[in-house]
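Student: Let me put the model up and test each label against its cut-off.

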Amino acid sequence: MSVLIAPSILSADFGRLADDIRAAVDAGADWIHVDVMDGHFVPNITIGPGVTKAVRAATDVPVDVHLMIERPELYAAAFAEAGADVITVHQEACPHLHRTVQQIQELGVKAGVAINPATPVETLSEVLAYVDLVLIMTVNPGFGGQAYIHSCTDKVARVRESLAAVGRTEVDVQVDGGVDASTAPSVVDAGANVLVAGSAVFNHPKGIAVAIDALRGAIMKAS
Ligand code: DX5
Ligand code: ZN
């Protein structure tokens, strides 16, 4: 399974968002990750379907929407309409998770389920047969630029094992938070195949292209 890089636009320059997205894709970004926050599920407010539509218009690569919001089932259709290819909801925000996963897939979009650092992998056991992607948060969601929580690496390995146990080796395992050239090799070794990186890409002192090269180099170092 090749390892994909998904820059998070949370750390991009919103005044020149399309330029930053094109720079990332030209440098080899595989997906563009869009962080949607509602000020309730997480203590920050970001963007909605309108900006997602602008992201969609700026690139041909898959648009990966991470919904850090309450009642995501009320908004999934709007993000699908805006051009999302993947919509990920949080297990903690979905009392009817199986239904929400199905709802997203019926919109013609890949369905992901995310868990926060304090949420056990076991809470996903009943939906592993259905999901297209599992997102292991490696920071507490809400802000870019936080430090990677090392105890989460083992959760990546355990979700990969659980997926293999139900014959679902094709499911994407994504990590999000504090991923940079120093933390990338261990998450790839643990079984992650989609790496979200915000500040490591858009705040790199030498620019976006150097940042993505550095991440790609770090991924190659994984054993
Ligand atoms: C955190 C978001 C992340 C964030 C990652 O709540 O879900 O996608 O942008 O930012 P970095 O890579 O800076 O930790
Ligand atoms: Zn995210």
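Student: What makes the oxygen atom of ligand 1 and the backbone of Gly145 a polar contact?

Tutor: A polar contact is a pair of N or O atoms within 3.5 Å. A polar backbone atom of Gly145 is 2.8 Å from an oxygen atom of ligand 1, so the pair qualifies. The polar side-chain atom of Asp35 also qualifies, at 2.6 Å from a ligand 1 oxygen.

Student: How much of ligand 1 does the protein cover?

Tutor: On its own, ligand 1 has 380 Å² of accessible area (Shrake-Rupley, 1.4 Å probe). The protein covers 99% of that.

Tutor: This is a predicted model; local features need pLDDT of at least 70, side-chain atom pairs need 80 or more, and totals for chains, interfaces and linings use all residues. Residues are numbered from 1 along each chain, chains are lettered from A and ligands numbered from 1 as written, and side-chain values use heavy atoms, without hydrogens and water.

Student: Which residues count as surrounding ligand 1?

Tutor: Those with a heavy atom within 4 Å of it. There are 20, and Asp35, Gly142, Asp176, Gly198 and Ser199 are the closest.

Student: Which strand gives the largest share of the shell?

Tutor: β2 does, with three residues. Strands are DSSP runs of E, at least two residues.

Definitions and conventions
Polar contact = N/O pair within 3.5 Å; in protein donor to acceptor, adjacent residues only side chain to side chain. Helix = DSSP H or I, 4+ residues; strand = E, 2+ residues; numbered from the N terminus.
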